[in-house]
Amino acid sequence: MSLKLYNTMTRQKEQFQPRESKKVAMYVCGPTTYNYFHAGNGRMFVVFDMIRRYLMYKGYEVRYVQNFTDVDDKIIQRGNVEGMEPLALGQKYIEEYFKDALALNLLPATVHPKATEHIPEMIEIIQGLINTGLGYEVEGDVYFAVDHFPDYGKLSGRTLEDMKAGARVEVDERKHYPMDFALWKKAKPGEPAWESPWGLGRPGWHIECTAMSLKYLGAGFDIHGGGEDLAFPHHENEIAQTEGYLKGQTFARYWMHNAFLTINQEKMSKSLGNFFTVRELLVNYPGEVIRFYLLGTHYRSPLDFNDQNLVMAQKGLERLQTSVRLAQEAIERVGSLNNEQSQAELLKAASDAREAFEKAMDDDFNSALAYAALFELAKTMNGYVQEHPASSEGLVQAQKTLIELGEVLGLDLLHPANIQVENEEMMTQIMDAVLQIRSRSRQKKDWEMADFIRDVMKEKGILIEDTPQGARWQIKK
RNA sequence: GGCGGCAUAGCCAAGUGGUAAGGCAGAGGUCUGCAAAACCUCUAUUCCUCAGUUCAAAUCUGAGUGCCGCCUCCA
């Protein structure tokens with residue numbers, strides 16, 4: 001099966017053809033580290049992590065680079081508010097990033113380069129652009145001359161004329177052309193600054209991605225990703241400066257952009273103030289639920305954020321987890337059953353699910369459609385366990401498939417987050433005792449006591465369920 | 001003003017020419033001391049509106065309505 005993906009550059013789905021046959025080089029624009037990242041940022045990270053995992057599943061060796069913008073205007077501003085050195089603040093939120101990333105089950109990037117550690121590389125590129133006439137210096141600032149780059153606007157589908165007509169920006173008189181953007185910014189007193197041929201200053205926003213992607217992936221790498229709002233101006237400017245610097249070589253082969261997370265149908269953004277940080281959400285929802293919810297809609301469609309949707313996601317995810325658990329209980333039970341017909345049914349269900357899953361994911365990473373394959377498989381497994389409460393090779397294979405496909409989406413169906421316990425052995429022993437006591441009550445038909453025990457445990461967040469094979473328990477908040 | 005996107009059941013959401021996936025919620029049933037979970041059955045003659053193309057349209061075309069995004073830092 002061949003993989004198709006939507007390329008923003010051509011505005012259509014294309015056959016994916018990497019630079020090297022079994023390797024994929026991808027660059028995803030990482031966070032500016034002046035705060036915890038919000039749910040909208042989270043969507044982007046989860047989406048590209050899912051894309052990466054699927055590419056790995058397809059057998060590609062993926063080199064994944066995600067930067068940290070750890071110096072910029074907002075970091076400086078926020079540093080003043082928090083009373084921290086801007087660079088220390090940037091470092092702090094880099095550390096916080098990894099905590100939330102872990103909760104969302106994001107794989108660490110192959111390389112997580114920081115802007116502040118690549119200043120010399122950026123200066124070299126800026127110098128190169130000045131030498132070829134694409135960059136010019138004015139009083140310690142350096143700008144990129146967009147009208148000297150003929151392809152300017154090719155990613156976002158606009159022309160310089162369009163932009164001039166709709167310009168809502170105050171024009172800096174020192175720029176040669178209104179749309180020219182900063183490659184290097186002169187430092188004001190007290191700001192973090194680095195030595196350069198143009199005096200003390202710091203890099204413009206776009207240049208870091210050029211420097212770091214070229215350094216770690218080389219020209220013409222495969223996938224460059226980010227949120228929809230980065231297409232213009234960020235990625236457009238990256239293309240201009242990079243392809244200008246490379247004298248026309250292609251910067252990246254495929255451009256992918258995810259749609260926004262919205263609140264009340266409006267974009268979630270830091271400047272509108274209508275955002276939730278992932279850190280805040282984790283108080284009420286496990287990271288896996290947030291992740292499951294984020295992948296329940298195709299990545300190029302807007303996704304509205306609210307509690308109701310998260311609760312629905314939680315229920316859906318629990319259904320898959322329950323199915324894996326029921327299968328696990330049957331597998332662990334003594335006595336294996338080998339009914340040929342149901343064997344065949346399960347094996348077929350597993351291979352059907354895999355096929356449907358791959359078909360969905362091959363079509364521009366349609367994770368929402370892929371979910372359907374997981375639910376279908378879960379249903380068949382549940383039906384089997386219902387009829388035959390014993391293990392079988394078919395069930396083992398089906399469960400294995402469900403877990404594996406879940407893992408491709410970054411979901412650990414075998415180990416739900418809500419049943420992680422600190423002292424598992426102790427917990428198990430205590431619960432064994434509780435269930436023994438309750439079992440005694442039930443044998444005596446002392447339903448009042450049996451129900452009382454169940455109610456008390458439920459209050460403590462432990463759910464007790466009776467089955468023909470005895471009672472079981474699980475943690476459920 | 002320029003450019004782009006979206007509109008599918010109570011809710012979420014797939015589906016881009018062949019007769020509406022999946023999830024949540026709801027109804028009935030099986031199982032059960034009860035509960036929970038699970039299983040079975042049911043729940044959109046219809047895809048914002050109108051017109052057109054076609055043997056055939058949620059899917060293509062045109063017009064309209066509504067919502068959203070980018071054009072300024074934003075994932």
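Domain bounds in this predicted model come from an automatic or database domain assignment.

**Figure 1. Division of chain A into domains.** Chain A is divided into domain 1, which spans residues 4-291, domain 2, which spans 316-417, and domain 3, which spans 421-475. The centres of domain 1 and domain 3, taken over C-alpha atoms, are separated by 53 Å.

**Figure 2. The second largest pocket, between domain 2 and domain 3.** This pocket holds about 1200 Å³ of space. Of the 36 residues in its lining, Arg 325, Glu 329, Arg 472, Trp 473 and Gln 474 are the closest to the centre. Two or more lining residues are given by each of helix H10 (307-332), helix H12 (367-387), helix H14 (424-443), strand E14 (462-467) and strand E15 (470-475). Helix H10 provides the largest share of the lining, with eight residues. Sorted by class, the lining of the second largest pocket comprises 14 nonpolar, 13 polar and nine charged residues. Because domain 2 (316-417) and domain 3 (421-475) both contribute residues to the lining, the pocket lies between these domains.

**Figure 3. The buried and exposed sides of helix H2.** Helix H2 covers residues 73-82, and Ile 75, Ile 76 and Gly 79 are buried in it. Viewed down the axis of H2, the buried residues fall within an arc of 100°, and they therefore line one face of the helix. Gln 77, Asn 80 and Val 81 are exposed and sit on the face of H2 turned away from the buried side. The cover over the buried residues of H2 includes helix H3 (86-103) and strand E8 (201-203).

Figure 4. Apart from neighbours within four places in sequence, Gly 79 is in contact with Met 84 and Leu 89. Gly 79 and Ile 130 are 51 residues apart in sequence, and their C-alpha atoms are 32 Å apart in space.

Figure 5. With a relative accessible area of 6%, Thr 277 is buried. When residues up to four places away in sequence are not counted, Thr 277 touches Tyr 36, Phe 37, His 38 and Ala 39.

Notes
Residues are numbered from 1 along each chain as its sequence is written. Chains are lettered from A and ligands numbered from 1 in the order in which they are written. This is a predicted model: local features need pLDDT of at least 70, side-chain atom pairs count only at pLDDT 80 or more; totals for chains, interfaces and linings use all residues. Side-chain values use heavy atoms; hydrogens and water are left out. Buried means under 20% relative accessible area, exposed over 50%, partly exposed in between (1.4 Å probe, protein chains only). Contact means heavy atoms within 4.5 Å. On a 1 Å grid over the protein atoms alone, a cavity is a set of points where a 1.4 Å probe fits but cannot get out, and a pocket is an open set with protein on both sides within 12 Å along at least five of seven lines; lining residues have an atom within 4 Å of a point. Grid points are joined across faces, edges and corners, and a volume is the space filled by probe spheres set on the points. Helices (H or I, at least four residues) and strands (E, at least two) are DSSP runs, numbered from the N terminus. Ala, Val, Leu, Ile, Met, Phe, Trp, Tyr, Cys and Pro count as nonpolar, Asp, Glu, Lys and Arg as charged, and the others, Gly among them, as polar. The arc is that of the directions from the helix axis to the C-beta atoms.
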